[in-house]
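Look at the structure below. This report covers a ligand site and a contact between two chains.

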Amino acid sequence: MGIGTLVAMLAAALAVIGVLATQQAYSLFLPGLLQGAVLTIEIAILGSLLAIVMGVLAALVRLYGPAPLRWLATVYVEIFRGTSALVQLFWLFFVLPQFGVTLDAFLVAVVALGLNVGAYGSEVVRGAILSVARGQWEACTALNMSRAQMLRRVILPQAFVAMIPPWGNLFIELLKSTSLVSLITLSDLAFKAQQMNQNTFKTIPIFTLVLLMYLVMSLVLTIGMRLLERRASAGLARGKAA
Amino acid sequence: MIWDWSFTLEILPVLAQAAVVSVEATLISFVLAATLGLVLAVVRIAVPRTGWTISVLVELIRSTPLLIQIFFIYFVFPKFGLVLDAFTAGVLAIGIHYAAYCSEVYRAGFDNIHRGQWEASIALNLSAWTTFRDIIIPQAIPPIVPALGNYLVALFKETPLLSAIAVMELMQTAKIIGSDTFRYTEPITLVGLFFLAMSLVSAALIRALERLLNRRTVR
Amino acid sequence: MTEQPMVRFENVSKRYGTLTVLDELNLEIARGEKVSVIGPSGSGKTTVLRMLMTLETINDGVIWVEGEPLTHMKKNGKLVPADLAHIRRIRAKIGMVFQSFNLFPHMTAMANCIEAPMTVLGMKRAEAEARAAELLDLVGLSQKKDHYPSQLSGGQQQRVAIARALAMRPKIMLFDEVTSALDPELVGEVLQVIRQIGREHDLTMLMVTHQMGFAKEFSDRVCFFYQGKICEQGPPGELFGAPKNERTRQFLHAVLEAG
Ligand SMILES: Nc1ncnc2c1ncn2[C@@H]1O[C@H](COP(=O)(O)OP(=O)(O)OP(=O)(O)O)[C@@H](O)[C@H]1O
Ligand SMILES: [Mg+2]
C-alpha cells in the first residue's frame, strides 16, 4: 500500500475521531481513553527499544559468539518464538514471584513484550546480515579488517536498509501486543476500554474509539517506518535516482 | 518446593482437556482465515476496482489488536441482536484477523507468477478458470503453503487471548487452577511447554513440506 | 643466503568434498615479479588467489610469505594452524582486486579508500585522505572522489578498487580477472592503470587474466593451469611463442581463435 493511501487513512481516522468527539456520547470517554493510550505508547516505545537491543545482540551472538553463548541465544529465540506472548507475560507476572522475583507490572510488560519481539527481531537481523553480498565480506578481508570492523563499518550499514521493513512489521505487532498488558492489571488503552465498558455498557462508542485510536497509532508508526526506509535506501544508493 | 510433581500429575488431565479446546479453536479459525483470505485475494483479481477497498480493509484489520477485535465481536455484536457464545465470538475474531494476513499470502503467491504465464495462457486461448486451475494455482502453491503454515502456528499461539473472554482453553484453565490453588508455576509453565513443543514440531513439519514442494516444482 | 621468495606455495592442495581443485601446487614468486595465470575455466586459478588472500582455507601444504608461513605458525619447532592475529599480520602484506569490484556501496570513492587505512592501520584522517587523493589521482579519478560507486562506470569502479587496495600499502597485489566484468571499451583504462602501478611501484603481482595480449606484454612469467596443476610455465615469449605442452597449445589456439 502506498504512503499516500496510508496518509489518507490516517487523516480519515483522525477526522472521524474529531467528528465523534463533538458528540456527548463519545467525548465522555475520550479523556480516560487518552490516558490509557499514553501508557500504551510508553510500553510500546520501551518494549521496542528492548526488542532492538535483544534482536541485535542475539543475532550477533548466534552468528559469531562462542558455542555456549550461541546455544543460550538459540534457546532464548526458540522459547520466545515458540510460546505465545500472553503465556510469557503471565509467566513473568504470576510464576516469577514464586521464585522470589517480583517485578512490577509495568516492568513485566516491557520485559515480556521486548523479549518476545526481540526473538523475532534476531531472525530479521541475522537474515539481513547474511543477505549482504559475499563480495563485501571478501573485500573487507582483503583490506585486513577485523570481524568487528567489517560488521560495524560495512555489513551492518548495508543490512540496516534491508531490516527496516520487517522491523516495521514487528513494531506494529508489538504495539498491538501491548493490549495484552490489560490482562495483568495495567490500565492501558485496552484496559480502560474494558473498565468503561463494564461500568457503562456503552459498548459501541467505547470500542469504536479504541479501534480508531489503535489505528491512528499503527498508521503513524507505519508511515514513519516508510519514510525512514525511503531515506535510508536513498542514502545507500545516492545518485541512482538522479 | 519450587516444582511439585504430584500436583503436576494432578492437573495434567485437566490441561489436556483444555488443550483440545485450544486445538479446536485453532483449526476452526484457521479454516475460516484460509477460506476468507482466499476469497479476498480472488475477488481482488477477479472483480475490477475492488483492490483498493480490500487493501484498506486488510490494513484496518491488521492495524488494530486482535484482543480488541475479540472484545468488539463479543460485546458489540449482541447490541445488534447477534448474541454469540464466547468460543464462537473468539474463533470468528481470530479467523477474520488472520484472513487479512492470509489474503496477503495468496496475493503474493499470485503476484509472483511471471506475467508471461498469464500472457501465454491467453495466447493459448485458455479460459480464465482453466488458467487459474491448471497454470496459476500449481505454481502458486509452493510459496503459499509454507507461508500459510507459519500463520497457522502464529494463530495457534494467539488462542490464549480467548482467555480474556473466559473461553475454557489452555490459558484460562491454567489461570483458574492457579487462582484456586495459589500455585501458578506448574500450570503456566506446562502451558508454555505445550506451546513450545507444538511450535517446534510444526516448524520442522513446515520445513519438510517446503522442501517437498520445492522439489516437485523443480522436477 | 639467497633472497627469500615473496610468495611460496609448498605442496598446497585444496579440495571441495571429493573434488580436488588444486593438487600439490608448488609455486615461487620473487620480489617484484609479475606473474600471470592463465588456463581454462575451473582449472583452479581463482582458488590460488583466494587461498593466498585467506579467503579459502587450504587442506594440505603451506603457503609462505616472505619466508613466514601464512596459514600456519611455528610453535616448538612445529607448524600449527595460525591464529587470527598471525594471519592478520601476514595478510597485511597482501591486497586484492576482484572481478566484481566489491566496492562499499554506501561510501564515496574517497571513503572507500580511507576506510581500512583508518580503521585497520589507525591512520589519522588527514593522512589517509592525502594518501587516498594521491592514489585516486594515480588511477585518474581525482575528479570523482566524492562520487558513490553507483555513480561510476564499471571501469571507474574498478580503478577505485585498485586505489583502495593500494591504500593499504601491500607488497603483493592479486588481480582476479579484473576486466572480465567490464564492457570492452572500458578494459583499456583499467589495464593502463595496472601497467602504470607495475612500473611505478615495487609490487609483486599475481594476476589471473584472459587478456593474452596484456599477459604477454606485461608479465615476467606466465603460468598455465590445467585441472589444478601448473601444466606449463615460463617467460611469456616462450610460453606464447613456443608452447611445449600439447594442452597449452590447444588452449592458446582456442583462445586466439575466439578473440
Ligand atoms: N565453494 C566451492 N564449492 C565447491 N566447489 C568449488 C567452490 N569454489 C570453486 N569450486 C570448484 O573449484 C574449481 C576451481 O574453481 P576456480 O574458481 O578456481 O576456477 P577458475 O580457474 O578461476 O575458473 P574461471 O576461469 O571460470 O574463473 C571449479 O571446478 C569450481 O567448480
Ligand atoms: Mg576464476
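## Polar contacts of ligand 1

In this predicted model, an oxygen atom of ligand 1 sits 2.6 Å from an N or O atom in the side chain of C:Thr46. C:Ser41 also places a polar side-chain atom 2.5 Å from an oxygen atom of the ligand. C:Tyr16 has an N or O atom in its side chain 3.3 Å from a nitrogen atom of ligand 1. Taken alone, ligand 1 exposes 640 Å², and the protein buries 61% of that.

## The shell around the ligand

The residues around ligand 1 include C:Gly42, C:Gly44, C:Lys45, C:Glu177 and C:His210. By type, the shell divides into seven polar, three nonpolar and two charged residues. Which helix gives the most to this shell? Helix α1 of chain C, residues 45-52, does, with three residues.

## Where chains A and B meet

Chain A brings 40 residues to the contact, and chain B brings 39 residues. Together the two chains bury about 3,400 Å², with 74% of it on carbon and sulfur atoms. On the chain A side, A:Gln98, A:Lys176 and A:Leu211 lose the most area to chain B, together 15% of what that side buries.

Elements that give two or more residues to the chain A side include α1 (3-21), α8 (147-177) and α10 (203-236). The largest share, ten residues, comes from α10(A). This side of chain A holds 23 nonpolar, 13 polar and four charged residues.

Terms used:
Residues are numbered from 1 along each chain as its sequence is written. Chains are lettered from A and ligands numbered from 1 in the order in which they are written. This is a predicted model: local features need pLDDT of at least 70, side-chain atom pairs count only at pLDDT 80 or more; totals for chains, interfaces and linings use all residues. Side-chain values use heavy atoms; hydrogens and water are left out. Contact means heavy atoms within 4.5 Å. Buried area is the accessible area (1.4 Å probe) that two parts lose on being put together, summed over both. Helices (H or I, at least four residues) and strands (E, at least two) are DSSP runs, numbered from the N terminus. Ala, Val, Leu, Ile, Met, Phe, Trp, Tyr, Cys and Pro count as nonpolar, Asp, Glu, Lys and Arg as charged, and the others, Gly among them, as polar. A residue is near a molecule or strand if one of its heavy atoms lies within 4 Å of it. A polar contact is a pair of N or O atoms within 3.5 Å; within protein, one must be able to donate a hydrogen and the other to accept it, and residues adjacent in sequence count only if both atoms are side-chain atoms. Accessible areas come from the Shrake-Rupley method with a 1.4 Å probe; for residues, only the protein chains shown count as cover.
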